[in-house]
Amino acid sequence: MKLRTPLYVINVKTYEESTCRNASHIAKECESAALSKKASVVVCLEATDLRLSYKLKIPVFAQHVDAIEYGAHTGFTLPESVYCAGAKGTLLNHSEHKISLEVLKKSIERAKKVRLIVIACAANPAEAAIIAKLKPDFIAVEPPELIGGEVSVAEAKPDVISKTVKSAGKIPVLCGAGIKTKEDVKVALRLGAKGVLVASHIVKAMNPKKALESIIV
Ligand code: G3P
């Protein structure tokens with residue numbers, strides 16, 4: 001499948017407000033916002049919640065897959081299983097789930113083999129340049145120190161976005177960390193990003209649908 005840009009990737013992480021019995025609510029809120037604003041929205045769910053994808057009209061991604069094959073790998077997440085559960089793609093190498101470059105390379109290959117779209121995360125433009133060579137579908141740059149914070153990457157480190165766009169070459173770039181306003185998204189797009197990754201602004205909102213609608217440009 002091909003994702004339209006600008007792309008809004010909502011990573012619900014493992015917050016209490018967005019997992020288990022609350023996962024369906026948050027995913028439905030993202031879906032409503034996407035439909036009302038006719039926006040391209042992806043929701044990244046915990047592996048145990050991926051089954052919800054069959055009830056949603058927006059693409060669901062996993063937050064991670066492991067670079068394993070079928071076999072004896074207790075506790076790992078098989079790319080085939082994620083695909084079978086309805087996921088259309090996966091995040092890899094998120095700042096909260098870092099993997100070595102070697103494992104990332106294998107994970108990208110494995111994920112692509114089962115037709116999962118790969119968003120590979122990088123902490124900075126230099127890491128993005130290295131990851132670009134592994135040919136993920138998107139690179140998402142997120143300065144770790146700004147994740148979950150009050151100040152967004154667009155406000156605090158706009159140069160990280162523009163430098164990543166350069167260093168990623170032909171790979172489309174997304175950016176995240178602290179994104180919470182339409183202005184943040186506009187700045188990101190103006191600097192060449194093709195979309196954003198957002199978590200706390202949506203997950204922690206009283207009204208997640210409104211929170212997502214409020215940042216869609
Ligand atoms: O993957 C997106 C995420 O790390 C950004 O988190 O809470 O700063 O929007 P947040």
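Lys13 is found in the loop between strand E1 and helix H1, which spans residues 23–37. Good morning. I begin with this residue in a predicted model since several of today's points return to it. The backbone of Lys13 deserves a note: its phi is near 55°, a positive value in a residue other than glycine.

One of its N or O atoms is 2.9 Å from an oxygen atom of the ligand. His94 places a polar side-chain atom 2.9 Å from a ligand oxygen, and for Asn11 the distance between a side-chain N or O atom and an oxygen of the ligand is 3.1 Å. On its own, the ligand has 310 Å² of accessible area, and the protein covers 99% of it.

Which residues surround the ligand? Besides Asn11, Lys13 and His94, the shell contains Glu142, Ile147, Gly148, Ala177, Gly178, Leu197, Val198, Ala199 and Ser200. Sorted by class, this shell comprises five nonpolar, five polar and two charged residues.

I turn now to the space itself. The structure holds one cavity of 30 Å³ or more.

Two secondary-structure elements, strand E8 at 195–198 and helix H8 at 200–203, each supply at least two residues of the cavity lining. In terms of class, the lining of the largest cavity divides into seven nonpolar, seven polar and three charged residues.

Next, the largest pocket. Its volume is about 270 Å³. Fifteen residues line this pocket, and those closest to its centre are Thr14, Gln63, His64, Glu96 and His97. How many residues of each class make up the lining of the largest pocket? There are three nonpolar, eight polar and four charged residues.

Thr5 and Pro6 are joined by a cis peptide bond, with omega at about 0°. Pro6 belongs to the segment before strand E1, which covers residues 7–11.

Thank you for your attention.

How values were computed
Residues numbered from 1 in each chain as written. Predicted model: local features only at pLDDT ≥ 70, side-chain atom pairs only at ≥ 80, totals over all residues. Heavy atoms only, no water. 1 Å grid on protein atoms, 1.4 Å probe; cavity = no way out; pocket = protein on both sides within 12 Å on 5 of 7 lines; lining within 4 Å. Points joined across faces, edges and corners; volume = space filled by probe spheres on them. Helix = DSSP H or I, 4+ residues; strand = E, 2+ residues; numbered from the N terminus. Nonpolar A, V, L, I, M, F, W, Y, C, P; charged D, E, K, R; others polar. Near = heavy atom within 4 Å. Polar contact = N/O pair within 3.5 Å; in protein donor to acceptor, adjacent residues only side chain to side chain. Areas by Shrake-Rupley, 256 points an atom, 1.4 Å probe, with all protein chains shown as cover.
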